[in-house]
Amino acid sequence: MKSKILNQGPERTIALIFEKGDDVVSLLEQYARDHALSASRFSAIGALRGAVLGYFDWELKAYERIPVDEQVEVLSLNGDIALDGDEPKVHAHAVLGRRDGSTVGGHLLQATVQPTLEVLLIESPGYLRKTCNRESGLALIDVDA
Amino acid sequence: MKSKILNQGPERTIALIFEKGDDVVSLLEQYARDHALSASRFSAIGALRGAVLGYFDWELKAYERIPVDEQVEVLSLNGDIALDGDEPKVHAHAVLGRRDGSTVGGHLLQATVQPTLEVLLIESPGYLRKTCNRESGLALIDVDA
Amino acid sequence: MKSKILNQGPERTIALIFEKGDDVVSLLEQYARDHALSASRFSAIGALRGAVLGYFDWELKAYERIPVDEQVEVLSLNGDIALDGDEPKVHAHAVLGRRDGSTVGGHLLQATVQPTLEVLLIESPGYLRKTCNRESGLALIDVDA
């Protein structure tokens, strides 16, 4: 993954271009840590050679895994980055498209790029913090934190 | 729903964090009215315990209702806010993900959050107005208005 | 298609409002050429009376065509514009919604609007260039170019 700043100012726009074989979630988390992102949002299109999506099971309080073992288009990939303690945390949801145009989507757990993923990330000067939500057990954005 | 301004300037970025039980459309409309939004766009991810989507029937000139009565991930939720007369009007389309990764989508008529919905809203200084489109009967954005 | 600038500054926000019968890809390309867009991103919602989507076949190195011959909601339409040589090149992926809420998606090859498509385009002051990727045969964004 390579990056390029497209706009300086209170909000910065950064293109993150992933290459074949790149692991999306770990590289996004790495970029977020390296650049201390505290309140960012992003959107992406491209293609993957495989992914694991998640569905949050409200009874089990855990993500059910949805493996996608085929070449798919990334039809939408939207997310945000907020602080969980001092660590930037990436939260992303994706809709993927198969050869026949049918779609599969969920919380993005893992994704491997092929041949490219074009992420436009906007870094805001403010910050967002996550706190543990008791009922779900998830760390959720808390604007009062 | 709580809000936090992430960026000041000609365009402001605002995080709107919805909580369990929040009704998305009515709270978005309320926020838009309270803050006199005249040209905004937004994108969101999160999860819902239920929703009603719509498909515009071009013959009947009315929305057919698509009820979604289960816990679903919000895979994408994109929209804009423009003025219809003096009132801000929210227009949003959503793709929702079920337990097996299958998707259902449409015009967002109603949605109840569980456990969270993270909306990033960008408020532009300009304005967009809607005027009634005769053929469809819908109020559509008209850049000359 | 008509346009309106919503925000001036280092990044400009422009509303592109497409009308019934407008061909999305050719008009977007035209707008990009006329305004010399070098690094833009966009997101849209609306409806179409038909479209042709694409799935990139990794073996054949070509797009398989997925025709959509019915009135559909544009649930998401995300993309970017980068330079391929001196020409702005539009890259967009879409998720479309049918009457029953089922979805179909892919790379946007062709789309005809009905009754409206609301595109919010953000033009960055930087530039992104595409170079030919040997393995796929596609022109991909190359931040070093």
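Visitor: How are chain A and chain C related by rotation and shift?

Guide: Start with the general idea. Two copies of a chain are related by a rotation about an axis and a shift along it. Now the case here, in a predicted model. A rotation of 120° superposes chain A on chain C, with 0.0 Å of shift along the axis and an RMSD of 0.0 Å. That is how a three-fold axis relates copies.

Visitor: How much of the contact surface of chain A recurs in chain C?

Guide: The copies use different surfaces. Of the contact residues of chain A, 15% recur in chain C.

Visitor: Which residue of chain A comes closest to the rotation axis?

Guide: Thr103(A) does. Its C-alpha lies 3.9 Å from the axis.

Visitor: Let's turn to single residues. Is Asn78(C) buried or exposed?

Guide: Buried means under 20% relative accessible area. Asn78(C) has 2%, so it is buried. This residue belongs to strand β5 of chain C, residues 72-84.

Visitor: What is Asn78(C) in contact with, beyond its neighbours in sequence?

Guide: Residues from three chains are on the list, among them Asn78(A), Asn78(B) and His91(C). Ser43(C) is also a contact. The side chains of Asn78(C) and Ser43(C) are joined by a polar contact of 3.3 Å.

Visitor: And Glu118(A): buried or exposed?

Guide: Glu118(A) counts as buried, at 1% relative accessibility. Its place is in strand β7 of chain A.

Visitor: Which residues does Glu118(A) touch, leaving out those up to four places away?

Guide: In chain A, they include Leu16(A), Ile17(A) and Ser43(A). In chain C, they include Asp80(C), His91(C) and Lys130(C). With His91(C) there is a side-chain polar contact of 3.0 Å.

Visitor: Now helix α1(A). Which of its residues are buried?

Guide: First, the general idea. An α-helix has 3.6 residues a turn, so residues three or four places apart point the same way. In α1 of chain A, residues 24-34, the buried ones are Val24(A), Val25(A), Leu28(A), Glu29(A), Tyr31(A) and Ala32(A). They span an arc of only 160° around the axis, so they sit on the same side of α1(A).

Visitor: What covers those buried residues?

Guide: Strands of chain A are part of the cover, including β1 (2-7), β2 (12-19) and β3 (39-57). Also included are β5, β6 and β7.

Definitions and conventions: Residues numbered from 1 in each chain as written. Chains lettered and ligands numbered in written order. Predicted model: local features only at pLDDT ≥ 70, side-chain atom pairs only at ≥ 80, totals over all residues. Heavy atoms only, no water. Buried < 20%, exposed > 50% of the residue type's maximum accessible area, 1.4 Å probe, protein only. Helix = DSSP H or I, 4+ residues; strand = E, 2+ residues; numbered from the N terminus. Arc of directions from axis to C-beta. Contact = heavy atoms within 4.5 Å. Least-squares fit on C-alpha atoms with pLDDT ≥ 70 in both. Polar contact = N/O pair within 3.5 Å; in protein donor to acceptor, adjacent residues only side chain to side chain.
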